[in-house]
Amino acid sequence: MSKVRIGVVGLGFFAQNQLEAWRVIDGVEIAAVCDRDPAKVEAARQRYGVERGYTDVAEMLADGGIDAVDVATTPPSHRAIVEQVARAGLAVICQKPMAETLEDARAMVDACRRAGVSFTVHENFRFQRPMREVAGLLREGAIGEPFFARISFRTPYDVFANQPYLATEGRFIILDLGIHLLDLARCFMGDARDVSCWTRRVNPKIRGEDVATMVLDHGGGRTSVVDCSYATHQVPDPWPQTLVTIEGTEGTIALEADYRLHLIQGDRIATRHVPPPAWPWSKLPLDIIQDSVVALQRHWVESYLARRPAETSGEDNLKVVELVHAAYADAERRK
Ligand code: NAD
Ligand code: 89V
């Protein structure tokens, strides 16, 4: 069977993980790379051995020979690129956040639906190995009926060193990071029907909020607390680990730092160590996220070949984007 041919657009900081991952996944090949910066195109062509390089998405699409486009550019460009790819009739994967506004996100999902192309969001936190283990325990009914979850990500890490654009955005932590945690809350507890939110900015050198606390109502008496901060003094720094507690009628699941996963039932506690597998390009402590990229992209290939939507389809992810904007609206109202 011929390989699925991927065109990767946006060759910056995070795309390197996506490119590395495509190279180790069976059944796919990187057919072309594209970035508006010609130096990045040349560097990616050399590093990943890709023949075709472009500085313009339209040219890459016009040349054909691609089955799907993996969009790893920054959010302001997502809508235009996804719509271009949909018009060309190709499958598309787009980095999170799908878009900065709900209007754009809805238009993107709509454009792909109308064009009949598969649309997936590169929402990878739920593909982290420990998160798959937590989801597996929930599916098995290990803690009975879950009624409370806490999803927490708090760190002093200087995220702006690798992603400087995050310091100048009017909206920061919920749109960039909280979106992953809200998706995890949905993944573990089901869709949310309401969100309350409190935000603040602690770091005076950035524009947006760097602390957020959200309380979600999942219906049926299920609630969760989703909290995130890039302003927390903490030693050792757990970045980029997400800590999870889920309480159910028959037990509690607790994912602590260093990938210690506890299952507590009555007075019994069973602990397992669930670190991510290492890849040749893994760089501690980002290895947890780097492995999740491989897992998501593998899942995408399986779904694409089976002609079924990926778990993080555009339609599914729209629900997270809606939560993000509901959270901002609630935080604004409280101010
Ligand atoms: P970056 O600025 O390092 O890279 C973006 C690249 O896209 C740049 O090289 C830029 O030249 C290129 N680009 C922008 N607009 C373009 C266009 N119209 N056509 C062609 N190229 C264009 O950004 P980054 O930090 O790598 O972030 C990229 C995306 O990845 C963002 O959406 C970010 O939220 C996401 N991200 C996800 C994770 C994760 O999944 N866990 C982690 C980090 C970043
Ligand atoms: O997901 C993100 O956008 C990144 C992180 C490094 C936490 O993955 O900021």
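**Close-ups of a predicted model**

**View 1. Helix α4 against helix α5.** Helix α4 (residues 78–87) and helix α5 (residues 102–115) pack with an angle of about 5 degrees between them and their axes 9 Å apart. That makes α4 roughly parallel to α5, a label used for angles under 35 degrees. Axes here are lines fitted to C-alpha atoms, for helices over the stretch in contact, and angles run from 0 to 180 degrees between N-to-C directions. On the α4 side the contact (heavy atoms within 4.5 Å) is made by His78, Arg79, Val82, Glu83 and Ala86; α5 brings in Asp104, Ala107, Met108, Ala111, Cys112 and Ala115. Helices (H or I, at least four residues) and strands (E, at least two) are DSSP runs, numbered from the N terminus.

A quick note on the numbers: this is a predicted model, where local features need pLDDT of at least 70, side-chain atom pairs count only at pLDDT 80 or more, and totals for chains, interfaces and linings use all residues. Residues are numbered from 1 along each chain as its sequence is written, chains are lettered from A and ligands numbered from 1 in the order in which they are written, and side-chain values use heavy atoms, with hydrogens and water left out.

**View 2. The open sheet.** Six strands line up in the order β3-β2-β1-β4-β5-β6, with parallel pairing; two strands pair if DSSP finds at least two bridges between them. β3 (52–54) and β6 (119–122) are the edge strands, each pairing on one side only. From one strand to the next, the twist averages 25 degrees. Strand β5 (residues 91–95) pairs with β6 over four bridges, and glutamine 95 has histidine 122 of β6 as its bridge partner. Helix α4 turns up again here: it packs on the sheet, touching β1 (4–9), β4 (68–71), β5 and β6, and its direction makes about 170 degrees with that of β5.

**View 3. Around ligand 1.** Ligand 1 has 24 residues around it (a heavy atom within 4 Å), and the closest are Phe14, Asp35, Lys40, Asn124 and Tyr165. Look for the polar contacts (pairs of N or O atoms within 3.5 Å). Oxygen atoms of the ligand lie 2.6 Å from a polar side-chain atom of aspartate 35 and 2.6 Å from a side-chain N or O atom of asparagine 124.

**View 4. Around ligand 2.** Lys96 shows up here too, among the residues surrounding ligand 2, which also include Val159, Leu177, Tyr230 and Trp239. A polar side-chain atom of histidine 180 sits 2.6 Å from an oxygen atom of ligand 2. For side-chain N or O atoms of glutamine 163, the distance to a ligand 2 oxygen is 3.1 Å; for aspartate 176, 3.3 Å.

Notes
Angles under 35 degrees count as roughly parallel, over 145 as roughly antiparallel, 65 to 115 as roughly perpendicular and the rest as oblique. A polar contact is a pair of N or O atoms within 3.5 Å; within protein, one must be able to donate a hydrogen and the other to accept it, and residues adjacent in sequence count only if both atoms are side-chain atoms.
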